[in-house]
Structure formats: structure tokens, C-alpha cells
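Biologist: Thank you for making time for this. Could we go through the structure together, one topic at a time?

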Amino acid sequence: MKNFAYSRAETVEGAVNLLSQQANSKFLGGGTNLVDLMRENIEQPDALIDVTRLLPARKPDAGITELPDGGLSIGAAVRNSAVANHGLVRERYPLLSQAILFGASGQIRNMATTGGNLMQRTRCYYFYDDAARCNKRKPGAGCDAIDGFNRMHAILGASDSCIATHPSDMCVALAALDATVHVRGSGGERSIPMNDFHRLPGDTPHVETNLRADELITAIQLPPLPFARNSRYRKVRDRASYAFALVSVAAAMEVENGAIRNIRVALGGVAHKPWRAYQAEKAMVGKKSTRETFLLAADAELRNARGYGYNNFKIELAKRTMVSVLSELAEAGGVR
Ligand SMILES: Cc1cc2nc3c(=O)[nH]c(=O)nc-3n(C[C@H](O)[C@H](O)[C@H](O)COP(=O)(O)OP(=O)(O)OC[C@H]3O[C@@H](n4cnc5c(N)ncnc54)[C@H](O)[C@@H]3O)c2cc1C
């Protein structure tokens with residue numbers, strides 16, 4: 001790992017200023033992804049700006065506040081474990097709490113921050129192996145995953161340049177909830193809908209998000225969503241713990257008189273970004289909350305899915321996981 005300068009930001013303005021002063025600098029959250037990327041020489045920043053002190057106070061749940069409309073604001077420096085264990089998150093957005101608790105390990109969740117989780121990079125083996133061709137690591141180099149061992153790779157929204165997946169569990173729940181990412185840069189503040197925050201690979205897989213180079217993530221906002229009390233996150237993986245998702249499903253459902261009134265579904269482990277299942281949602285609204293409806297919805301969402309050999313099984317796995325989660329939600333309290 002090459003030498004780098006370290007500084008600690010005490011305010012959001014200070015963090016943005018430090019970033020603009022030093023070319024090739026990076027924000028440091030818990031360091032649980034960035035330090036690995038630096039050790040592997042995939043990222044070589046000249047300077048790190050520690051943004052973990054940007055909490056209003058040093059209490060574990062500081063930075064999580066209820067909004068006047070009933071939504072929640074979660075500061076970017078709040079640790080993943082604090083979000084997962086917060087009473088209002090568990091009560092109002094159980095899918096988010098579950099998604100975080102299915103990720104990584106207790107120690108990592110205690111370090112990892114909300115902002116860092118959004119910005120974590122793919123776990124594609126070829127991205128980490130500098131003997132392999134990877135358009136994400138070296139634009140124009142090619143992609144060894146497409147004809148390689150692609151068991152964990154994308155089945156939706158991939159391109160001829162890249163079939164990597166986004167690794168986050170938390171972000172899948174945020175996509176289902178229609179969260180908003182609040183950012184601050186030298187030009188001021190703006191907010192980005194969660195479903196526009198991460199990008200599909202296209203010809204530029206090295207550009208992973210719509211965050212600009214001079215911007216800091218300051219907070220995530222969750223909208224009020226009463227029916228999200230009936231929600232869950234299911235993660236299917238090769239080991240029961242400490243493994244990334246092959247397929248995951250985050251869903252929330254409201255059923256009225258046997259018909260689906262409100263539905264949210266997002267998939268993880270299947271695309272370069274958390275995959276909001278808009279086609280499936282469209283196929284379910286107003287329909288009976290039956291297994292047949294869920295099967296048709298899963299088919300609609302996966303209609304354009306494509307496997308690359310080793311990951312062909314994920315198409316059926318994604319459908320079955322969706323149907324199973326939706327059936328559980330219909331049974332568990334979606335009925336009024
Ligand atoms: C062994 C292991 C297993 C894991 N398993 C899982 C898993 O199963 N599921 C899962 O979801 N995750 C998993 N993770 C990933 C983990 O969740 C991420 O590493 C973590 O969320 C990153 O957060 P961080 O604060 O440590 O980010 P850092 O490593 O500090 O930073 C990551 C990136 O975010 C940027 N950044 C940080 N804060 C901000 C900000 N406020 N604004 C803009 N940019 C910012 C940094 O510059 C850097 O580019 C695993 C990690 C490890 C090491």
C-alpha cells in the first residue's frame with residue numbers, strides 16, 4: 001500500500017473543502033472496503049479524509065432522526081449496526097434492519113457507515129485480480145468474467161463491458177423503500193433518488209454511481225411508508241452467514257380485501273445496482289394476493305434475464321425467492 005495523508009473532517013463543509021484541496025483524495029468511513037481496495041492496489045488515494053466524526057454527538061444512535069412527515073433521516077456516518085438496531089427502523093422498516101443484519105459480520109457492521117455501504121465496490125473476483133482483464137478496474141481492458149467463472153455475476157441489466165453485481169444488502173432495502181440520498185458538494189446540496197444513485201454498467205462500468213467527484217453523502221432519508229411494517233428481506237447465499245448474496249429479495253406489501261393495494265420489491269445480487277422490480281410490482285397491483293399472481297410477477301420481472309453459464313441458475317432462484325417472500329408477506333399481515 002502506498003503512503004497517504006490522513007485528515008479528519010469535523011464538519012460537512014470541512015470535508016467538502018478538504019476534498020477540493022487535494023486531488024485524488026477519498027473519504028474514509030469505517031474503512032472496511034476502502035482499506036482492502038488500497039491493500040490490493042485497486043485504489044491508491046493520496047489522501048484520506050475521515051468523515052466518521054460528522055455525527056451530531058458520539059452516541060450510537062445519534063444521527064438517526066424522525067422527520068415531521070413520519071419518515072427517518074439517517075446520517076451518512078451512522079454505523080450499520082446502529083441503523084439495524086434502532087427501534088424506529090425495526091418497527092417501521094423491518095426489511096432494512098434485516099438486510100443490514102444479513103450483511104458481513106458484527107464487527108464489520110460496527111465499523112461500516114451508511115455512506116460507505118452505499119459506495120462499496122463489487123466483489124467480482126476478476127476486479128480484485130490484477131492479472132485478469134477488467135473494464136471496471138482498467139477501462140477498455142476487457143472483461144474476463146463474461147467467459148469465466150461467473151457464478152456470482154449479473155443476470156439483469158449487464159452489458160458486454162461488465163457483468164459485476166453490486167454487493168450491498170442494505171442498498172436493496174433502500175431501493176425498495178424509495179429512499180433519497182442527500183449529498184453536499186462545492187456547488188451546494190442536492191438529493192438523488194436511491195434508484196438513480198447507482199448506475200448500470202453500459203460502456204462505463206468504472207462509473208458506478210451518480211455522485212459527483214466533489215460530493216459527500218450527508219444522509220439517507222426514508223419516506224413514511226406505513227405498509228413497510230409488513231416487509232422482509234431474504235438473502236440466499238452459499239453459506240448461512242458471512243457471504244454475499246447470490247440472490248436477495250426485499251419486499252413490502254399491503255393487501256386489502258384479498259387484493260394487493262401496495263407493493264414494493266427489489267432484488268440484490270442480480271445486477272450492477274440494487275434492482276427495483278418495477279415490472280413485478282406493475283403485475284401485482286390490484287391483483288389477488290395469491291401464489292399465481294406472484295409467479296406471474298416473478299416471470300414478468302425476469303423475462304429479460306440472461307445467464308452467462310455458471311450463473312444461469314440464478315434466474316430460477318430469483319423467481320422462486322420472490323414467490324416465497326411474497327407468499328410469506330401475504331400470509332403474515334398484509335391482509336386487512
Ligand atoms: C469480509 C467482509 C464481508 C462483507 N459482507 C457483506 C455482506 O454480506 N453484505 C454487505 O452488504 N456488505 C458486506 N461487506 C461490505 C461492507 O458492508 C462494506 O465494506 C461497508 O458497508 C463499507 O462501509 P465503510 O464505512 O467501511 O466504507 P469505507 O470502506 O470507509 O468506504 C467505502 C467507500 O465509500 C466512500 N465513502 C465513505 N463515506 C462516504 C461519504 N459519506 N460520502 C461519499 N463517499 C463515502 C469511501 O471514499 C470509499 O470509496 C463485507 C465486507 C467485508 C470486509
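Modeller: Let us begin with Val323, which is buried, with a relative accessible area of 3%. Please keep in mind that this is a predicted model.

Biologist: Where is the place of Val323?

Modeller: Val323 belongs to helix 13, which covers residues 313-331.

Biologist: And which residues does Val323 touch?

Modeller: Leaving aside residues up to four places away in sequence, Val323 touches Arg291, Phe294, Leu295 and Ala298. There is also a distance to record for Val249: its C-alpha atom and that of Val323 are separated by 9.8 Å, and the two residues are 74 residues apart along the chain.

Biologist: Let us turn to the cores. How many residues has the largest nonpolar core?

Modeller: The largest nonpolar core has 41 residues. Those with the most contacts inside it are Tyr93, Leu96, Leu118, Leu174, Val181 and Leu222. Helix 9, residues 170-177, gives the most to this core, namely 8 residues. Apart from this core lies another, of 30 residues, and Val249, Val265, Ala280 and Met322 are among them.

Biologist: Which residues does Leu222 touch?

Modeller: Again without residues up to four places away in sequence, Leu222 touches Leu67, Gly71, Leu72, Ile74, Tyr93, Leu96, Leu174, Leu177 and Ala179.

Biologist: Now the sheet, please. What is the order of its strands?

Modeller: It is an open sheet of 5 strands in the order 4-5-8-6-7, and the pairing is antiparallel.

Biologist: Which strands stand at the edges?

Modeller: Strand 4 (64-66) and strand 7 (188-193) do. Each has a single partner strand, so one side of each is left without a neighbour in the sheet. From one strand to the next, the twist averages 25°.

Biologist: How many bridges join strand 4 and strand 5?

Modeller: Strand 4 and strand 5, residues 72-75, pair over 3 bridges in the antiparallel sense. Within this part of the sheet, Glu66 stands opposite Leu72 of strand 5.

Biologist: A change of topic: how many aromatic pairs are there?

Modeller: A search of the whole structure finds 5 aromatic pairs. In one of them, the rings of Phe102 and Tyr233 have centres 6.1 Å apart and planes at 40°, so this pair is tilted. Phe102 lies in the loop between helix 5 (94-101) and helix 6 (106-111), while Tyr233 lies in strand 9 (residues 231-236), so the pair ties together parts that are 131 residues apart in sequence.

Biologist: What about Tyr125 and Phe149?

Modeller: Their ring centres are 5.9 Å apart and their planes are at 20°, so the pair is stacked. Tyr125 lies in helix 8 (residues 125-128) and Phe149 in the loop between helix 8 and helix 9, so the pair ties together parts that are 24 residues apart in sequence. Tyr125 counts as partly exposed at 34% relative accessibility, and Phe149 is partly exposed at 36%.

Biologist: Finally, the charged residues. How many salt bridges are there?

Modeller: The count comes to 24 salt bridges. One of them joins the side chains of Arg39 and Asp36, at 2.8 Å from N to O. These two residues are 3 residues apart in helix 2 (residues 34-39), and are therefore separated by about one helical turn. Arg39 is exposed, with a relative accessible area of 53%, and Asp36 counts as partly exposed at 28%.

Biologist: What does Glu189 do?

Modeller: Glu189 forms a salt bridge with Arg184, and the closest N and O atoms are 3.4 Å apart. Glu189 is exposed at 64%, while Arg184 counts as partly exposed at 22%.

Biologist: And which residues are linked in a network?

Modeller: A network of salt bridges links Lys26, Glu43, Arg121, Lys136 and Glu208.

Note on methods
Residues numbered from 1 in each chain as written. Predicted model: local features only at pLDDT ≥ 70, side-chain atom pairs only at ≥ 80, totals over all residues. Heavy atoms only, no water. Core = buried A, V, L, I, M, F, W, Y, C linked by side-chain atoms within 4.5 Å. Buried < 20%, exposed > 50% of the residue type's maximum accessible area, 1.4 Å probe, protein only. Helix = DSSP H or I, 4+ residues; strand = E, 2+ residues; numbered from the N terminus. Contact = heavy atoms within 4.5 Å. Pairing = 2+ DSSP bridges. Axes fitted to C-alpha atoms, helices over the stretch in contact; angles between N-to-C directions. Phe/Tyr/Trp six-rings, centres within 6.5 Å; stacked < 30°, edge-to-face > 60°. Salt bridge = Lys/Arg side-chain N within 4 Å of Asp/Glu carboxyl O.
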